[in-house]
Structures are given as C-alpha cells and as structure tokens.
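The following note is intended for a colleague who meets this structure for the first time. Please read the numbered points alongside the sequence and the coordinates.

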Amino acid sequence: MSDEIIAALIAVGGVIASILVTLLIDWLKTSFNYKDLYARTVSGNRTEWINVWRENIALFLANAETLQRCYHDKKDFPKDNPDAALLYRDMIKARTMVTSRLNTNEENHVLMFRALKNFEWNTDWENFVTQREFIENLTRQILKPEWERVKDEAKGKHN
C-alpha cells in the first residue's frame, strides 16, 4: 500500500472517530440536559405547590383566629359586620385551595381534609387553639416529605 492511501485511510478513520465521539458527547449532553430540565421543572412545581399550601393554611388560620377573637369580643361582629363576611369568605376560599390539593389516598391528607372541614372558629379559645395546633402539626407532617422530594429532585434523583 502506498503512503498516500495509508494517509487517506488514517484521515478517514480520524473523521469517523471524530463523528462518533461528537455523537456520543451530544447524546450524553442531551441526556444530562433532559434530566436537569426535568429536575428543575418538577422541583419548581413542587416548591410552588408547597408555597401555595403554606400561604393558604396561614390565611385560613389567620382569618379564623381574627373571627374567633372578634366573636368573643363582640357577639354581633360575625353577623352584622361586612368585614367579618369578607374574612369568612377568604377563610373558606383558603380552605378550598388547600383541600383541592389534597391526595385522598394518603392518610395525613385525609386527616387534613377532615380537620379543615370540621374546623370551628366560633368556639372557646382552648378548643380553637387545639384545632389550630393540630392543623399546624399536620401541615408540617405533610410538607416535610414534600420538601425532601424537592431537595432530591433538585439533585437529579427521581422518586
């Protein structure tokens, strides 16, 4: 074989090897980018879900406490005051926002649904505090694993 043919074969082999390496790098890069995009999208959506949940639980409990305090300070406040009607409406709206995000296949979610639906703001203070603390504790129990999933997904781990 002549030197020119050997040089040409080496050049062709180099081009083919270069193409294969480029394709392999592109495939790896695409795979990594997909996993990264998936992790960012899922963890972002889950983080948004957690934040909306917290905001609505806080709004529900804050309005309930305001109504509870006013109810015991002024017995006519909830019946005659338009501000009370707005507080109550916002409390129910927040409750609905939370309950619509519950998974009825999970025990803590079912407990939360019942606690929110059976919540009594116009009761004595001790009963009110007991209900509030139950909801706050249950919220932490529900959100902790969700936050752990966010952290895992951000690291690229899939559940």
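**Notes on the predicted model**

1. Ala 84 is buried, with a relative accessible area of 2%; buried means under 20% relative accessible area, exposed over 50%, and partly exposed in between (1.4 Å probe, protein chains only). Ala 84 belongs to helix α3. Its C-alpha lies 9.1 Å from that of Asn 63, a residue 21 places away in sequence. Asp 83, also found in helix α3, is partly exposed, with a relative accessible area of 47%. Between the C-alpha atoms of Asp 83 and Leu 67, which are 16 residues apart along the chain, the separation is 9.7 Å.

2. On the basis of the values: this is a predicted model, in which local features need pLDDT of at least 70 and side-chain atom pairs count only at pLDDT 80 or more, whereas totals for chains, interfaces and linings use all residues. Residues are numbered from 1 along each chain as its sequence is written, and side-chain values use heavy atoms, with hydrogens and water left out.

3. On confidence: pLDDT is the predictor's confidence in each residue, from 0 to 100. The chain has an average pLDDT of 84, and 89% of the residues score at least 70. Among the elements of the chain, α4 has the highest mean pLDDT (96) and helix α2 (residues 77-80) the lowest (60). Where pLDDT is low, the predicted coordinates should not be read in detail.

4. On the overall build: the chain contains five helices and zero strands, in the order α-α-α-α-α from the N terminus on. Helices (H or I, at least four residues) and strands (E, at least two) are DSSP runs, numbered from the N terminus. Of the 159 residues, 27% count as buried. The accessible surface comes to about 10,900 Å², and 58% of this belongs to carbon and sulfur atoms; the areas come from the Shrake-Rupley method with a 1.4 Å probe, and for residues only the protein chains shown count as cover. Contact means heavy atoms within 4.5 Å. Among contacts between residues at least 6 apart in sequence, 69% join residues at least 24 apart.

5. Which residues have the most contacts inside the largest nonpolar core? They are Trp 53, Ile 57, Phe 60, Met 112, Phe 119 and Ile 135, in a core of 26 residues. At least two residues of this core come from each of α1 (3-73), α3 (82-99), α4 (107-117) and α5 (125-154). Helix α1 gives the most, with eight residues. A nonpolar core is a set of buried Ala, Val, Leu, Ile, Met, Phe, Trp, Tyr and Cys residues joined through side-chain atoms within 4.5 Å.

6. On aromatic pairs: rings of Phe, Tyr and Trp (its six-membered ring) pair if their centres lie within 6.5 Å; planes under 30 degrees apart count as stacked, over 60 as edge-to-face and the rest as tilted. By this rule the count is five aromatic pairs. The rings of Trp 49 and Trp 53 have centres 5.1 Å apart and planes at 40°, so this pair is tilted. These two residues are four apart in helix α1 and are therefore separated by about one helical turn. Trp 53 is buried, its relative accessible area being 0%.

7. Phe 60 and Phe 119 form an edge-to-face pair, with 5.2 Å centre to centre and 70° between the planes. The pair links distant parts of the chain, as Phe 60 is in helix α1 and Phe 119 in the loop between α4 and α5, 59 residues apart. Both Phe 60 and Phe 119 are buried. Together with Trp 125 and Phe 128, they form one aromatic cluster. Not counting residues up to four places away in sequence, Phe 60 touches Met 91, Ala 94, Arg 95, Leu 116, Phe 119 and Ile 135.

8. Glu 146, placed in helix α5, is buried, with a relative accessible area of 8%. Its side chain and that of Arg 46 are joined by a polar contact of 2.8 Å. A polar contact is a pair of N or O atoms within 3.5 Å; within protein, one must be able to donate a hydrogen and the other to accept it, and residues adjacent in sequence count only if both atoms are side-chain atoms. Thr 123, in the loop between α4 and α5, counts as buried at 10% relative accessibility. The side chains of Thr 123 and Asn 127 are joined by a polar contact of 2.9 Å.
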